[in-house]
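I opened the notebook to look up ring contacts in one structure. The model goes here before my entries.

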Amino acid sequence: MTIQERQQELIDEFADIDDWMDRYGYIIDMGNALPAIDERLKTPDRLIEGCQSRVWLDAEYRDGKVFYQADSDAIIVKGMISMLVSVLSGHTPDEILDAKLNFIDEIGLAEHLSPTRSNGLLAMVKQMRVYALAFKNKQ
C-alpha cells in the first residue's frame, strides 16, 4: 500500500466519526494498538526534541525500506505517532521524503491541536524524515 493510499484509508476512517471527542477516542485507540517499543530503545537520543510529551522514535533500515517504532507517555500523542508510523513505515527513504502528509489537515487534526501539540506533531514528522534522509545518504 502506498503512503497516499494509507493516508486515504485514515481519512475515510475519520470521515465516519463526526464528534471530535469520538475522534480523540479513536486516536487514543490507535495509540493503544501501537506495538510496544523495547524499553532499551527509550533512550535520550531517541527522544524527539520539540515535543511537550516524551516521544521516542527509532528507525530500522532493511531491504531498502524504513521501519519505525515509537512510543509516548501521553495517550493522544501516542495515537498521533501511531498514525505517522502506520503511514510512513515500510517505505523507501525517497517515498518518505517526497510524501505530502495531507491526512493531518484532511481529518481536521491540525485545527484541533493546541499550539504545543501542533509543534510536537511537526517535530515527529521532521524526525521521521531525518531518519529517512540518513538512510538515503547511506545507500
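My entries follow, on aromatic pairs and on charges over rings.

I noted that the model is predicted, that local features need pLDDT of at least 70 and side-chain atom pairs 80 or more, and that totals for chains, interfaces and linings use all residues. Residues are numbered from 1 along each chain as its sequence is written, and side-chain values use heavy atoms, with hydrogens and water left out.

Entry: aromatic pairs. I found four aromatic pairs in the structure; rings of Phe, Tyr and Trp (its six-membered ring) pair if their centres lie within 6.5 Å, and planes under 30 degrees apart count as stacked, over 60 as edge-to-face and the rest as tilted. Phe 14 and Tyr 26 are edge-to-face, because their planes stand at 80°, with ring centres 5.3 Å apart. This pair links distant parts of the chain, helix H1 (residues 3–15) and helix H2 (residues 20–33); helices are DSSP runs (H or I, at least four residues), numbered from the N terminus.

I then looked up burial, where buried means under 20% relative accessible area, exposed over 50%, and partly exposed in between (1.4 Å probe, protein chains only). Phe 14 is buried at 0%, while Tyr 26 is partly exposed at 26%.

Entry: helix H6. Tyr 131 and Phe 135 both lie in H6, four residues apart. I read Tyr 131 as buried at 17% and Phe 135 as buried at 11%.

Entry: charges over rings. I used this rule: NZ of Lys or CZ of Arg within 6 Å of the ring centre and within 35 degrees of the ring normal. Lys 42 lies over the face of Trp 56, 5.0 Å from the ring centre. Arg 62 has its charged end over the ring of Phe 67, 3.9 Å from the centre.

Conventions
Helices (H or I, at least four residues) and strands (E, at least two) are DSSP runs, numbered from the N terminus.
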